[in-house]
Amino acid sequence: MTNDTRTVPQRLVEFLPNLRRFAISLCHSRELADDLVQAACERAIVAADSFAPDTRFDAWMFRILRNIWIDHLRRARTAGPQDEIEKAYDVSVPSGEAATHARMELMEVATALQKLPEEQREVLVLVCVEELSYRDAADVLAIPIGTVMSRLARARKNLAELTGISLGEKRSSDTKGGVA
């Protein structure tokens, strides 16, 4: 990362899909996500001098976007409901039964994801979708790494329960002396 000589605008162009995906996971609306991404890009370009080239660009951008989202929520407390997350997903699969099952599963997961508390959803998207490390997710969210780990564990457990996924047998650490 330290040898990366690309400018902030150059990095932004490559990073736009990730930024947009995170924005959609926050607000559940393509239109609003596009507005958030645009605002984040504007803010990043204006603040390009504050970006340290030896740090993670993705974490820096996710933090900017999340801060803009929080600002938006504060301003929009009296606004009406947002668009549904179902409008944010385009599933491209072969037609027929496989496509129907894939769409149903996607809708089930999208609905379950929507039901998660925002703090769990944010961590889940940053770590599992955007593949940030726990440390980087903690930096983006301005929380301790232990909080990231516990929120992620709760998010995974809640998502599994909401989608009917069996968690299987208890782990050996759940037993004392080898007896369940």
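Hi everyone. Let me start with how this chain is connected: among contacts in the protein between residues at least 6 apart in sequence, 67% join residues at least 24 apart. Please keep in mind throughout that we are looking at a predicted model.

So what is it built from? The protein has seven helices and zero strands. Read from the N terminus on, the elements go α-α-α-α-α-α-α. There are 180 residues in the protein, and 35% of them count as buried.

Let's begin with helix 3, residues 57-75. How far apart are the end C-alpha atoms of helix 3? They are 27 Å apart, and that agrees with the 27 Å that its 19 residues should span at 1.5 Å a residue.

Now look at which side chains of helix 3 are tucked away. Its buried residues are F57, D58, A59, W60, M61, F62, I64, L65, R66, I68, W69 and H72. And what do these buried residues pack against? Their partners are helix 1 (8-27), helix 2 (30-46), helix 5 (118-129) and helix 6 (134-141).

Let me pick out one of those partners, helix 1. Two packed helices are described by the angle between their axes and the distance between the axes. Here, the axes of helix 1 and helix 3 cross at roughly 45 degrees and come within 10 Å. The crossing of helix 1 past helix 3 is right-handed.

If you want to find this contact on the screen, look on the helix 1 side for V8, R11, L12, F15, N18, L19, F22, A23, L26 and C27. They meet F57, D58, W60, M61, F62, L65, R66 and W69 in helix 3. Sorted by class, this contact of helix 1 with helix 3 has 14 nonpolar, one polar and three charged residues.

Helix 5 and helix 7 pack with their axes 8 Å apart, at an angle of about 95 degrees. So helix 5 is roughly perpendicular to helix 7. From helix 5, the residues E119, Q120, V123, L124, V127 and C128 meet V148, R151, L152, R154, A155, R156, N158 and L159 in helix 7. By class, that contact has eight nonpolar, two polar and four charged residues.

Helix 6 also meets helix 7. Their axes come within 8 Å and cross at roughly 100 degrees, which means helix 6 is roughly perpendicular to helix 7. Here Y134, R135, A137 and A138 of helix 6 meet I145, V148, M149, L152 and R156 of helix 7. This contact has seven nonpolar, no polar and two charged residues.

Where is L116 found? It is in the loop between helix 4 (97-115) and helix 5. And is L116 buried or exposed? L116 is buried, because its relative accessible area is 3% and the cut-off for buried is under 20%.

Which residues does L116 touch, leaving aside its neighbours within four places in sequence? They are R121, L124, A155, N158, L159 and L162. Take A155: L116 and A155 are 39 residues apart in sequence, yet 6.9 Å apart in space, C-alpha to C-alpha.

Note on methods: Residues numbered from 1 in each chain as written. Predicted model: local features only at pLDDT ≥ 70, side-chain atom pairs only at ≥ 80, totals over all residues. Heavy atoms only, no water. Helix = DSSP H or I, 4+ residues; strand = E, 2+ residues; numbered from the N terminus. Expected span 1.5 Å × (residues − 1). Buried < 20%, exposed > 50% of the residue type's maximum accessible area, 1.4 Å probe, protein only. Contact = heavy atoms within 4.5 Å. Axes fitted to C-alpha atoms, helices over the stretch in contact; angles between N-to-C directions. Left-handed = near helix turned anticlockwise from the far one by under 90°. Nonpolar A, V, L, I, M, F, W, Y, C, P; charged D, E, K, R; others polar. Parallel < 35°, antiparallel > 145°, perpendicular 65-115°, else oblique.
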